[in-house]
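Before you set up any calculation on this model, please go through the points below with the coordinates open.

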Amino acid sequence: MDHAHVHEEHHQHHGGGDGGASWAMAARATLHCLTGCAVGEVLGMVIGTALGWGNLPTMILAIILAFFFGYALTLRGILAAGVDLRTAVRVAWAADTLSIAVMELIDNGVIALWPGAMDAHLSEALFWIALAISLALAFVVTTPVNKWMIGRGKGHAVVHRYH
């Protein structure tokens with residue numbers, strides 16, 4: 001049996017199909033990331049709006065909190081597996097940075113380009129509709145990124161070694 005065939009068989013055994021990562025696995029990783037991002041983003045918008053901040057500082061706070069909560073959810077799972085904090089931070093950083101960055105770029109891009117969405121208040125339907133659609137779009141765009149990373153042993157593939 002040649003090396004390429006053994007390699008292919010190995011990939012099919014671990015996760016099956018295209019690139020060694022299933023769409024379900026990629027979707028779960030993306031949903032996990034999206035949860036943290038959404039919590040951080042909404043919290044940032046609420047805090048920024050409540051403090052009467054402008055659009056830019058509110059968006060910056062929302063992005064910072066999205067990264068924080070995105071990493072925090074992954075960290076929680078890795079630490080629960082008994083991994084030391086330093087290793088857990090490195091794994092979470094490696095697993096989530098690209099995923100959160102893509103998600104935030106799409107999410108904030110949609111909100112920034114959507115007429116009136118940046119100026120919508122928390123009490124307005126437009127705010128929540130734009131946020132829901134932008135997060136859904138971010139999920140659709142980020143899932144293939146996660147699938148590609150997991151298929152190459154990166155991203156959430158690293159996290160799964162600790163579960």
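**Notes on the helices and their surroundings**

1. Directly after helix α2 comes Gly 52, a residue whose phi is positive, near 70°. Helices here are DSSP runs of H or I with at least four residues, and strands are runs of E with at least two, both numbered from the N terminus.

2. The model is a predicted one, in which local features need pLDDT of at least 70 and side-chain atom pairs count only at pLDDT 80 or more, while totals for chains, interfaces and linings use all residues. Residues are numbered from 1 along each chain as its sequence is written, and side-chain values use heavy atoms, with hydrogens and water left out.

3. On the overall architecture, the protein has 6 helices and 0 strands, and reading along the sequence gives the pattern α-α-α-α-α-α. Of the contacts (heavy atoms within 4.5 Å) between residues at least 6 apart in sequence, 69% join residues at least 24 apart.

4. On burial, 39% of the 163 residues are buried, where buried means under 20% relative accessible area, exposed means over 50%, and partly exposed lies in between (1.4 Å probe, protein chains only). The protein exposes about 8,900 Å², and carbon and sulfur atoms supply 71% of that area; accessible areas come from the Shrake-Rupley method with a 1.4 Å probe, and for residues only the protein chains shown count as cover.

5. Helix α2 has 28 residues and reaches 39 Å from its first C-alpha to its last, which is close to the 40 Å expected at 1.5 Å a residue; the expected span is 1.5 Å times one less than the number of residues. Ala 38 is placed in this helix and counts as buried because its relative accessible area is 19%, and its C-alpha is 9.9 Å from that of Met 103, although 65 residues of sequence lie between the two positions.

6. The surface carries a nonpolar patch formed by Leu 43, Ile 47, Leu 51 and Trp 53, with about 360 Å² of accessible area together. Patches are made of residues with over 30% relative accessible area and no salt bridge, like charges being joined within 9 Å and nonpolar side chains (Val, Leu, Ile, Met, Phe, Trp, Tyr) within 5 Å; a salt bridge is a side-chain nitrogen of Lys or Arg within 4 Å of a carboxyl oxygen of Asp or Glu. Trp 53 is found in the loop between α2 (23-50) and α3 (55-80), and it is classed as partly exposed because its relative accessible area is 40%.

7. Helix α4 (residues 85-113) has 29 residues and reaches 39 Å between its end C-alpha atoms, close to the 42 Å expected at 1.5 Å a residue. A kink of about 45° in α4 is centred on Asp 96, the bend at a residue being the angle between axes fitted to the seven residues ending there and the seven starting there.

8. For helix α5 (residues 125-151), the 27 residues should span 39 Å at 1.5 Å a residue, and the end C-alpha atoms are 39 Å apart, which agrees. Pro 144 counts as partly exposed because its relative accessibility is 36%, and its C-alpha is separated by 9.1 Å from that of Thr 30, 114 residues away along the chain. Just after α5, Gly 153 takes a positive phi of about 75°.

9. Where in the model does Ala 130 lie? Ala 130 is in helix α5 and is buried, because its relative accessible area is 2%. Leaving aside neighbours within four places in sequence, Ala 130 is in contact with Ile 111, Trp 114 and Ala 117.
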